Amino acid sequence: MIRKAPVLDVDAILDDRATRIIVCCGSGGVGKTTTAAALGLRAAERGRCAVVLTVDPARRLAQSMGLTELDNTPREVASYDNGGKLFAMMLDMKRTFDEIIEAHADPERARQILTNPFYQSLSSSFSGTQEYMAMEKLGQLRRSGEWDLIIVDTPPSRSALDFLDAPERLGRFLDGRFIRLLTAPAKAGGRSAFKLLNAGFGLVAGAMTKLLGAQVLKDLQTFVSALDAVFGGFRQRAEMTYKLLQAQGTAFIVVAAPERDAMREAAYFVERLAEERMPLAGLVVNRVHTSPVSGLSAARSTAAAEELEARGEHELTAAVLRLHAGRMQLAAREGREQDHFVSAHPTVPVAQVPAMSQDVHDLDGLRAIGDLMAKAS
Amino acid sequence: MDRDTDWDGVRLHVVTGKGGTGKTTVAAALALALASGGRKVLLVEVEGRQGIAQIFDLPPLPYEERRIAVAPGGGDVYALAIDPEEAMLEYMEMFYGMRRAGRALTRMGIVDFATTVAPGFRDVLVTGKTTEAVRRKDRNGRRVYDAVVLDAPPTGRITRFLNVTKEVAGLAKVGPIKNHSDLVSGVVKSPETAVHFVTLLEEMPVQETLDGIAELREAGLPAGGVFVNMVRESQLPQAVLDTAVKGRFDVGELALGLKAAGLADGAADASKAAEALLEEIVEHARRTELELKEREALVETGTPRYELNLLADGVDLAGLYELAESMRNQGAA
């Protein structure tokens with residue numbers, strides 16, 4: 001069990017009107033989306049006007065919030081007498097991207113971009129697009145001023161903090177020599193880019209044509225030149241969102257489960273957030289196993305079971321004791337995984353949420369999770 | 001020694017699963033199981049996470065096939081962490097002899113660019129390298145690897161990842177990339193490939209597995225088996241669990257037992273402890289009930305199912321061998 005870690009006071013964060021954004025991050029499968037939704041519901045019940053932005057396409061989550069589906073617009077889930085409201089939306093990455101293009105390019109250019117095969121590939125499957133669009137949507141919701149608390153659940157990325165890297169990655173992408181190479185024809189009044197090139201570029205151009213085929217290269221060129229005009233605005237917005245995340249009023253909550261990989265990821269998140277000077281509120285550990293009979297250790301329980309079995313009596317009790325021993329072992333292992341984290345990051349506040357025997361299906365389930373999260377303090 | 005397994009004739013085992021289900025662990029154990037008895041198996045990782053190195057307690061793996069483990073009964077597991085950029089360079093050199101141009105492309109960030117703009121390219125490079133290992137033959141015309149196990153992207157992305165021809169078709173209708181992706185597709189869609197799913201007996205992972213299998217079948221890709229991971233064996237008979245759920249559990253009997261075992265000081269103490277333990281029993285019963293429901297949902301897919309017990313001491317090397325043995329006993333390898 002965790003002894004030294006300070007306790008994460010969830011209610012204090014939700015009740016603080018200065019808290020405007022909560023970002024839930026963590027590796028896949030740790031209950032990040034459920035945590036985000038439970039925080040949103042609890043915030044609304046405590047009088048906040050909250051919106052949960054999720055990237056998880058799980059229908060169950062939509063259903064648990066009483067919605068038949070989540071789309072790219074915030075939908076009202078619940079409202080309370082104290083003025084509290086809960087909205088929820090699911091990010092439609094392609095729709096969000098399309099909207100940005102439409103907002104930043106004249107209709108003709110927008111059409112060129114939207115119909116280009118490279119755009120279609122980029123907007124629907126680029127592993128960083130989702131992260132970037134989540135941040136873009138977050139910026140939009142924040143600027144709209146309609147909600148006083150936005151809770152965002154980050155995508156289960158390959159690299160878990162991709163959403164932080166998205167602006168920088170986009171910048172690198174735009175400033176690359178290759179982009180300049182591809183946009184050269186537009187800038188040189190329509191002459192072929194490759195005529196302007198020196199020997200090194202010629203070599204590359206030849207290789208590209210050979211590899212990709214001439215049509216692909218042409219599509220790529222059209223795409224990049226068309227997008228070029230839109231890029232400036234893009235990057236600026238990405239940087240604004242990045243600063244928004246660093247600002248006061250943002251709270252990062254790292255979500256984990258008490259397992260080795262998830263705790264290791266959590267430690268990585270915490271370190272990375274510190275490096276980026278992002279405000280960390282604390283760690284939520286989901287699905288922690290505890291026992292109402294924690295005074296009876298695994299060893300004692302097993303020994304007693306063995307004794308009963310040897311004597312050939314109280315078969316039921318022996319089986320129950322073995323069940324209890326297994327649970328205590330699990331609790332001990334989970335405790336060790338958490339201890340590793342705490343000893344490396346002793347100042348990070350932690351809240352533990354006990355494992356539930358059933359999955360969350362409705363608002364009551366989400367409320368129960370919220371209660372457990374708050375009870376930790 | 002040859003035994004009948006559920007996947008005779010399969011040379012490419014693709015392992016996918018929802019995050020947190022232990023996909024890499026299962027892929028590693030499957031590689032060990034397939035290598036048992038003197039075979040040679042390649043374990044491939046594609047997401048740059050170095051999960052294989054962590055699981056086998058090794059330093060980070062380079063872009064190079066190297067032997068990482070010996071299987072029971074003398075077989076070898078090799079591992080390879082595929083880096084798309086390296087794969088691209090290798091590809092250019094192998095097919096076009098364009099080593100210098102390849103380096104120039106990398107230096108200019110073109111590979112980064114191309115794989116960023118079109119993830120289909122990235123996937124085709126990665127699957128291309130994997131299928132090359134599947135097809136590779138030695139001087140005598142024999143396949144170099146008896147099997148290749150691919151620790152693939154998670155369930156949500158698997159169909160897209162494997163369906164390279166479709167992904168690339170929108171971008172390149174003719175030309176070398178198209179040809180290359182057709183070659184990859186030929187292997188991936190053949191009976192030599194099986195896509196296995198790793199799941200837990202929980203609602204979300206099971207649902208994702210069902211959706212994943214349906215998606216895969218729709219795309220004409222070969223669904224393999226389902227590995228149910230981290231299964232906890234029930235300590236209590238079903239009848240006892242039933243009474244617990246219905247509120248008819250005999251707490252008095254349990255209290256007597258606790259007293260007999262010397263775990264309680266008096267009658268009051270014993271019944272208090274028994275009541276507390278009952279909470280655990282009821283929870284366990286609910287959990288078991290839920291697991292039963294999820295298991296039934298998996299049965300409906302009609303795919304072979306393998307159950308892997310939760311490793312009491314967490315995943316370590318000994319645990320991997322234990323899982324590998326369990327897979328072999330169940331006919332998965």
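**Domains of chain B.** I began with the two domain centres: the C-alpha centres of domain 1 of chain B and domain 2 of chain B lie 48 Å apart. Domain 1 covers 12-232 + 310-329, and domain 2 covers 238-287; such bounds come from an automatic or database domain assignment.

**Ground rules.** I am working with a predicted model, where local features need pLDDT of at least 70 and side-chain atom pairs count only at pLDDT 80 or more, while totals for chains, interfaces and linings use all residues. Residues are numbered from 1 along each chain as its sequence is written, and chains are lettered from A and ligands numbered from 1 in the order in which they are written.

**Chain B overall.** I found 14 helices and 8 strands in chain B; helices (H or I, at least four residues) and strands (E, at least two) are DSSP runs, numbered from the N terminus. The C-alpha trace spans about 85 × 40 × 40 Å along its principal axes. Of the 333 residues of chain B, 49% count as buried. For that label, 20 or more other C-beta atoms must lie within 10 Å of the residue's own; 12 or fewer means exposed, in between means partly exposed, and C-beta atoms are placed from the backbone.

**Cores.** Which residues have the most contacts inside the largest nonpolar core? I noted B:Leu30, B:Ala31, B:Leu32, B:Leu43, B:Val77 and B:Val149, in a core of 171 residues. Helix α1 (residues 23-35) of chain B gives this core its largest share, 10 residues. A core here is a set of buried Ala, Val, Leu, Ile, Met, Phe, Trp, Tyr and Cys residues joined through C-beta atoms within 7 Å. Leaving out residues up to four places away in sequence, B:Leu30 touches B:His13, B:Val15, B:Val149, B:Met327, B:Ala332 and B:Ala333; contact means C-beta atoms, placed from the backbone, within 7 Å. Another core, of 29 residues, lies apart from the largest one and includes A:Ala304, A:Val320, B:Phe249 and B:Leu258.

**The sheet of chain A.** I traced 8 strands in an open sheet of mixed pairing, in the order β3-β4-β2-β5-β1-β6-β7-β8. The edge strands, β3 (75-79) and β8 (350-354) of chain A, each pair on one side only; pairing takes at least two DSSP bridges between two strands.

**Strand β1 of chain A.** Is β1 (residues 21-25) of chain A mostly covered or mostly exposed? I counted 5 of its 5 residues as buried, so to speak a covered strand. A:Ile21, A:Val23 and A:Cys25 sit on one side, with A:Ile22 and A:Cys24 on the other. β1(A) runs parallel to β5(A), with 4 bridges, and A:Cys24 has A:Asp153 as its bridge partner there. β1(A) also runs parallel to β6 (residues 250-256) of chain A, with 5 bridges. In β6(A), A:Val23 is partnered by A:Phe252, and A:Ile21 stands opposite A:Thr250.

**One loop residue.** I finished at A:Pro155, in the loop between β5 (149-153) and α8 (162-175) of chain A. Why does A:Pro155 count as buried? Because A:Pro155 has 24 C-beta neighbours inside 10 Å. The C-alpha atoms of A:Pro155 and A:Asp15 are separated by 26 Å, and the two residues are 140 residues apart along the chain.

Technical notes. Contact = placed C-beta atoms within 7 Å.
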